[in-house]
Amino acid sequence: MNKLDMLNLTPGLLYEVLCGTYNSNELPNLATMGIRLNHELVLFPYITSQTFKNIEKTQSCSLNFSDDAWIFAWACFEKDRVKPFLKAGLHTNSPVLLGATAVVECKIKQITSTSDESRCAVKCQPIYVKVQPKFVPFTRAFSLIVEMLIHATRIAHFKALGDKNKVHELKQYILYYAQIITRVARTDYPIIAEYILKQVGLKNASDS
Ligand SMILES: Cc1cc2nc3c(=O)[nH]c(=O)nc-3n(C[C@H](O)[C@H](O)[C@H](O)COP(=O)(O)O)c2cc1C
């Protein structure tokens with residue numbers, strides 16, 4: 001049986017994971033990244049990302065699936081807060097996420113360029129796969145948090161490019177998603193949405 005069969009991934013679909021790598025000072029790093037199954041697992045990190053630098057050096061990474069929206073948010077904005085949830089992987093030179101619904105420890109098989117020169121394609125060879133028997137019912141709130149985070153992490157890039165219209169557009173979407181989250185969830189999700197609004201300056205840190 002193929003190691004990846006346990007994950008039940010659909011080829012062609014982009015899944016959002018938390019990618020664990022080690023920095024050159026041996027400190028663990030966790031970053032949200034998309035991964036696609038195209039015969040093999042492929043990551044598409046920006047070449048400027050810490051994750052890409054780490055992967056080039058260590059030739060390993062872990063792909064951690066999670067239903068914990070806080071972990072996604074902290075991995076974007078406050079990486080120190082995820083460190084207590086990371087431990088050394090036993091099969092590769094990469095940290096793994098405690099509480100992940102599935103973990104894939106990988107060696108890097110190949111790194112190639114893509115048509116988008118700001119990103120590379122990183123083929124990951126699974127060495128060890130662990131799937132937790134946890135049923136996760138679907139909620140719009142989780143997807144919307146992820147969408148807020150994707151838009152939020154793009155703001156810095158468009159600011160750097162001086163594209164004020166795009167920054168404005170991203171902020172409008174972020175506000176709109178936050179409104180929906182407040183409507184559909186009476187849990188931690190609205191609190192996480194508010195946290196993201198504060199991180200991108202759409203709400204004051206002093207507002208409750
Ligand atoms: C859900 C989600 C998916 C993302 N997918 C990618 C991706 O595929 N490649 C990438 O380079 N950045 C992606 N990002 C942005 C990175 O997470 C962000 O730039 C992060 O700061 C990179 O961290 P690092 O520099 O420690 O690698 C994504 C962000 C989110 C919220």
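**Exercise 1. The ligand shell**

Find which domains supply at least three residues each to the shell around the ligand, and then describe the make-up of that shell.

*Solution.* Step 1: start with the domains. Domain 1 (3-131) and domain 2 (140-199) each contribute at least three residues to the shell around the ligand. Keep in mind as you work that this is a predicted model.

Step 1: go down to the secondary structure. At least two shell residues come from each of strand 2 (28-38), helix 1 (50-58) and helix 3 (140-160). Strand 2 is the element that gives the most, with 5 residues.

Step 2: pick out the nearest residues. The ligand has 17 residues around it, and those that come nearest are Ala31, Ser49, Gln50, Thr51 and Leu149.

Step 3: sort by class. The shell holds 9 nonpolar, 7 polar and 1 charged residues.

**Exercise 2. Helix 3 against helix 4**

Decide whether helix 3 and helix 4 are roughly parallel or roughly antiparallel, and list some of the residues that meet.

*Solution.* Step 1: get the geometry. The axes of helix 3 and helix 4 (residues 164-184) come within 9 Å, crossing at roughly 160°.

Step 1: apply the cut-off. Angles over 145 degrees count as roughly antiparallel, and helix 3 and helix 4 are therefore roughly antiparallel to each other. Their crossing is left-handed.

Step 2: read off the contact. On helix 3 the residues include Leu144, Ile145, Met148 and Phe158, and on helix 4 they include Val167, Leu170, Tyr173 and Ile181. The contact has 16 nonpolar, 1 polar and 5 charged residues.

**Exercise 3. Two partners for helix 5**

Find how helix 5 is oriented relative to helix 4 and relative to helix 2, and name the residues involved in each case.

*Solution.* Step 1: begin with helix 4. Helix 4 and helix 5 (residues 189-199) pack at about 160° with axes 9 Å apart. These two helices are therefore roughly antiparallel to each other, and helix 4 passes helix 5 in a left-handed crossing.

Step 1: name that contact. Ile174, Ala178, Ile181 and Thr182 of helix 4 meet Tyr189, Pro190, Ala193, Ile196 and Leu197 of helix 5. By class this gives 8 nonpolar, 1 polar and no charged residues.

Step 2: turn to helix 2. The axes of helix 2 and helix 5 come within 10 Å and cross at roughly 10°. Angles under 35 degrees count as roughly parallel, and helix 2 and helix 5 are therefore roughly parallel to each other.

Step 3: name the second contact. Helix 2 uses Ala69, Trp70, Ala73 and Phe77, which meet Tyr189, Ile192, Tyr195, Ile196 and Gln199 of helix 5. The class count is 8 nonpolar, 1 polar and no charged residues.

Technical notes:
Residues are numbered from 1 along each chain as its sequence is written. This is a predicted model: local features need pLDDT of at least 70, side-chain atom pairs count only at pLDDT 80 or more; totals for chains, interfaces and linings use all residues. A residue is near a molecule or strand if its C-beta atom, placed from the backbone, lies within 6 Å of it. Helices (H or I, at least four residues) and strands (E, at least two) are DSSP runs, numbered from the N terminus. Ala, Val, Leu, Ile, Met, Phe, Trp, Tyr, Cys and Pro count as nonpolar, Asp, Glu, Lys and Arg as charged, and the others, Gly among them, as polar. Domain bounds come from an automatic or database domain assignment. Axes are lines fitted to C-alpha atoms, for helices over the stretch in contact, and angles run from 0 to 180 degrees between N-to-C directions. Angles under 35 degrees count as roughly parallel, over 145 as roughly antiparallel, 65 to 115 as roughly perpendicular and the rest as oblique. A crossing is left-handed if the near helix is turned anticlockwise from the far one by less than a right angle, and right-handed if clockwise. Two residues are in contact if their C-beta atoms, placed from the backbone, lie within 7 Å.
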